[in-house]
Amino acid sequence: MANGNISETVQGKRFFLVGIGGSGMLPLATILAGRGAIVEGSDRGLDQGRVPAKFDSLIARGIRLHPQDGSGIVSAEQTVVASAAVEDTVADIVAATRLGCARMSRAELLSTLFNASDLPIGIAGTSGKSTVTGMIGWILHAAGRYPTVMNGAVMKNFAAPDAPFASALVGANRREGGDAFVSEVDESDGSIARYVPRIAVLNNVSLDHKGLDELRRLFADFAGKAEVVVANVGDAETAALVDGMANVVRVAVEAEADLWAENLVPEPFAIAFELVARLPSPSGAGEVRLRVRLAVPGRHNVANALAAVAAVVAAGIPLEQAAEAIGGFTGLRRRFDFVGDAGGVAVIDDFGHNPDKIAATLDTLHAFPGRLRILFQPHGYGPLKVMRRELVESLTQRLRPDDILVLPDPVYHGGTVTREVTSADIVADLTAAGRDARHVADRAEAAALLVAEARPGDRIVVMGARDDTLSLLAADMLESLRAKG
């Protein structure tokens, strides 16, 4: 099945997505609906009244929403799609089993569409996947390639009043020039094994949901299927993983590779650098130097940009065109997202939730003066158990004496969970290391504490994953600062 036939494959078919408001399900629903499928769904967040604007945006696309009580599952013709986190006891799954509906996981359906496309471009790695996906999608779009893009975050370049939750882009059919299907690929549940990319991007390999040995195997298998592998060899684990592999384009920041960056000039919310490419051409290998300025900050985003540029060059976009287009990428929501400032205090909304992501954000912020007031809501009890030591080490190294870190309890939306390691445990570890860390179980109280502590020149940072209401919290904190005067 070619990308030009994806519409024919799903058109008129009925899909019911359980957990349709999730960061992985919402863009999938958008792509299905854009390809002519009949899409319905349910979500616990809808029933709880969380982020109603998100669900309104789905309804505006012609997607019918139901309570998560089984009432939307009415026919064996419906294919019921659910993530691995949805338990068999959920009413929708019970109804699907009773009616004999076909069942697919989110990864099964997405990988089927991805693998069937003419140019599947998969982005893997512990950190930076969403940003690189957005960058690649933007460059291809700017080059008139009309890509289909599946992202886990809202891409600001494609957001509009009538599409505020633009975490997907429904591209053209192959015959209309839209051959690429760009998608971030998730290792957390092992579903990365389902994807067969022609171009594979590997950003980095570090702890998040799984141990390093399993991650190395998953990422190596993924890269081994591709015709071209773009690897950030500035990451030691990634460099070791691709050592000896053929067809690898190596990228790095301030270290020679096939594509590298030097002469970095950081700004508070941007960064400029010199892109140096040593890529083969019809006239032989040669070195090209181009000046690039990104509208997103941080050394880590330079690495992301190098990976994106290398991937689109592998897809046939001229290097100079790609380097020019990347400067127009405006970023993702919740990735070092400047919310606003009041009384001399800036508020930033960020997706940081594992040691590497948090380190990148804190390093970017500490490149400029000002105290940090950080609210970090862990994204689950399980991840806290897996990454406790590395998380504490990363925070201990980066928190300065005048910074404050407040941890509310981890995000919890229901279901069974083992609470072996808690926010209080992380705070105890950090306090023992001499850092100013505080456990305030209630999130609203944690936010109020930081607003009360803030003074001109401070930066308030809201961090965490798997909870769309964190953006609302950051906006509320900005309003509280304004009221504070």
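Q: How many cavities of 30 Å³ or more does a search of the whole structure find?
A: Keep in mind that this is a predicted model. The largest cavity has a volume of about 30 Å³. The number that a search of the whole structure finds at 30 Å³ or more is 1.

Q: Which helices each supply at least two residues of the lining of the largest cavity?
A: Let's start with the lining itself, which is made up of Leu26, Thr30, Ser57, Leu58, Arg61, Ala163 and Phe165. By type, these residues divide into 4 nonpolar, 2 polar and 1 charged. The helices that each give at least two residues to this lining are α2 (25–34) and α4 (52–60).

Q: How many residues apart in sequence are the parts that the pair of Phe114 and Phe181 ties together?
A: The whole structure holds 5 aromatic pairs. One of them joins Phe114 and Phe181 edge-to-face, with 6.0 Å centre to centre and 85° between the planes. Phe114 belongs to helix α6 (residues 106–116) and Phe181 to strand β9 (residues 180–184), so the parts tied together are apart in sequence by 67 residues.

Q: Which elements are included in what covers the buried residues of α16?
A: Helix α16 (residues 469–484) has 16 residues and reaches 22 Å from its first C-alpha to its last, close to the 22 Å expected. Its buried residues are Thr469, Leu470, Leu473, Ala474, Met477, Leu478 and Leu481. The cover over them includes β16 (337–342), β17 (345–350), β18 (372–377), α15 (443–453) and β21 (459–464).

Q: Is Ala432 buried or exposed?
A: Ala432 lies in helix α14 (residues 423–432). Its C-alpha atom is separated by 10.0 Å from that of Thr396, 36 residues apart along the chain. Exposed means over 50% relative accessible area. Ala432 has 71%, so this residue is exposed.

Terms used:
Residues numbered from 1 in each chain as written. Predicted model: local features only at pLDDT ≥ 70, side-chain atom pairs only at ≥ 80, totals over all residues. Heavy atoms only, no water. Helix = DSSP H or I, 4+ residues; strand = E, 2+ residues; numbered from the N terminus. Buried < 20%, exposed > 50% of the residue type's maximum accessible area, 1.4 Å probe, protein only. Expected span 1.5 Å × (residues − 1). Contact = heavy atoms within 4.5 Å. 1 Å grid on protein atoms, 1.4 Å probe; cavity = no way out; pocket = protein on both sides within 12 Å on 5 of 7 lines; lining within 4 Å. Points joined across faces, edges and corners; volume = space filled by probe spheres on them. Nonpolar A, V, L, I, M, F, W, Y, C, P; charged D, E, K, R; others polar. Phe/Tyr/Trp six-rings, centres within 6.5 Å; stacked < 30°, edge-to-face > 60°.
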